[in-house]
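I am opening a notebook page on this structure. The entries below record what I looked up, in the order I went through it.

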Amino acid sequence: MKNTYLLIDFFSILVPFLFSFHPKLKFYKSWPAFFPAVLITGLLFIGWDMYFTHLKIWGFNPAYLIGINVGNLPIEEVLFFLCIPYSCVFSYVCLNMLIKKNIPKTLESAISIALVASSVFMAVFFRNLSYTAFTFTALAILVFVARFVLQVNWLPGFYVSYLILLLPFLIVNGLLTGTGLQQPVVWYNPAQMLNIRILTIPVEDVFYGMDLILLNVIIYSWIGDKQRRHNELAKKMAPVINLG
């Protein structure tokens, strides 16, 4: 079916978008922080995607595409970098509201160190496998920057949220890689990855997804914090301005 990938994008974002206007969630108020984050992240990942598509590290099955391209990518793949981050960042925000107790800071620190160390090892040891090396290099950099450079306080919530989001991730990514379909929507060159799969999903996709969402959350949180500080300063300055 020609609109299969488009429908996967659409149904991935539909419920999060509708619930963005829920009076208790009001995620739409976060759009000024979210959309710059998704634009910056999307441009970087689309560049990565175009390069790997050019090298035939992965590609797309025209049987499931409507036939509109942006460069060498189908429009559905470009929309993927809006729909999936929107759904995941929305879910991350909601889960942080619902989960009152996160993992201890010491455990978060241990997880972060383990992720950086293991990602560096994977990137170096499998440096001849392009998808594996790129994915784990990006993860090592992003976790290191978030934890040790920016020293963000939201990583415990991010790790818990991403673990929970792995279930819908497996469903969506499973469809894209061929679970339940006669052929995959997205195919991969097994010579450029570990070729270890969860059902039909390359194991690298789990960490590629973490790269995508983590970069979105880093930028989203940074912009959101900056906007909140600006609003708080404006409130403090308002009486002074009025007196003047």
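**Entry: Lys-56.** I began with Lys-56, which counts as exposed because its relative accessibility is 55%; exposed means over 50% relative accessible area, buried under 20%, and partly exposed in between (1.4 Å probe, protein chains only). Lys-56 sits in the loop between α2 and β1. I take helices (H or I, at least four residues) and strands (E, at least two) as DSSP runs numbered from the N terminus. The phi of Lys-56 is near 60°, a positive value in a residue other than glycine.

**Entry: ground rules.** I note that the model is predicted, that local features need pLDDT of at least 70 and side-chain atom pairs pLDDT 80 or more, and that totals for chains, interfaces and linings use all residues. Residues are numbered from 1 along each chain as its sequence is written, and side-chain values use heavy atoms, with hydrogens and water left out.

**Entry: Leu-199.** I looked up another positive phi, that of Leu-199, which is near 60° in a residue other than glycine. Leu-199 is placed in the loop between β5 (197-198) and β6 (201-202). Its relative accessible area is 72%, so Leu-199 is exposed.

**Entry: helix α2.** Helix α2 covers residues 31-54, 24 residues, and reaches 33 Å from its first C-alpha to its last, close to the 34 Å expected at 1.5 Å a residue. The expected span is 1.5 Å times one less than the number of residues. The buried residues of α2 include Ala-33, Phe-34, Ala-37, Val-38, Thr-41, Gly-42, Phe-45 and Ile-46. I set beside this that an α-helix has 3.6 residues a turn, so residues three or four places apart point the same way.

**Entry: Phe-52.** Phe-52 is in helix α2. Phe-52 counts as buried because its relative accessibility is 0%. Leaving out residues up to four places away in sequence, Phe-52 touches Ile-57, Trp-58, Ser-130, Tyr-131 and Phe-134; contact means heavy atoms within 4.5 Å. Phe-52 and Ser-130 are 78 residues apart in sequence, and their C-alpha atoms are 8.7 Å apart.

**Entry: helix α5.** Gln-151 follows α5 and has a positive phi, near 50°.

**Entry: the core.** Which residues have the most contacts inside the largest nonpolar core? They are Trp-58, Trp-154 and Phe-158, in a core of 64 residues. A nonpolar core is a set of buried Ala, Val, Leu, Ile, Met, Phe, Trp, Tyr and Cys residues joined through side-chain atoms within 4.5 Å. Not counting residues up to four places away in sequence, Phe-158 touches Tyr-92, Met-210, Ile-213, Leu-214 and Val-217.

**Entry: largest pocket.** The largest pocket has a volume of about 640 Å³. On a 1 Å grid over the protein atoms alone, a pocket is an open set of points where a 1.4 Å probe fits, with protein on both sides within 12 Å along at least five of seven lines, and lining residues have an atom within 4 Å of a point. Points are joined across faces, edges and corners, and the volume is the space filled by probe spheres set on them. The lining has 35 residues, and Ile-84, Cys-88, Pro-168, Phe-169 and Val-172 lie nearest the centre. α3 gives the most to this lining, with nine residues. By class the lining divides into 26 nonpolar, six polar and three charged residues. Ala, Val, Leu, Ile, Met, Phe, Trp, Tyr, Cys and Pro count as nonpolar, Asp, Glu, Lys and Arg as charged, and the others, Gly among them, as polar.

**Entry: second largest pocket.** This pocket holds about 410 Å³ of space. It is lined by 18 residues, with Tyr-220, Ser-221, Gly-224, Asp-225 and Arg-228 nearest its centre. α3, α6 and α7 are the elements that give two or more residues to the lining, and α7 gives the most, with seven. The lining has six nonpolar, nine polar and three charged residues.

**Entry: Asn-173.** Asn-173 lies in helix α6 and counts as buried because its relative accessibility is 8%.
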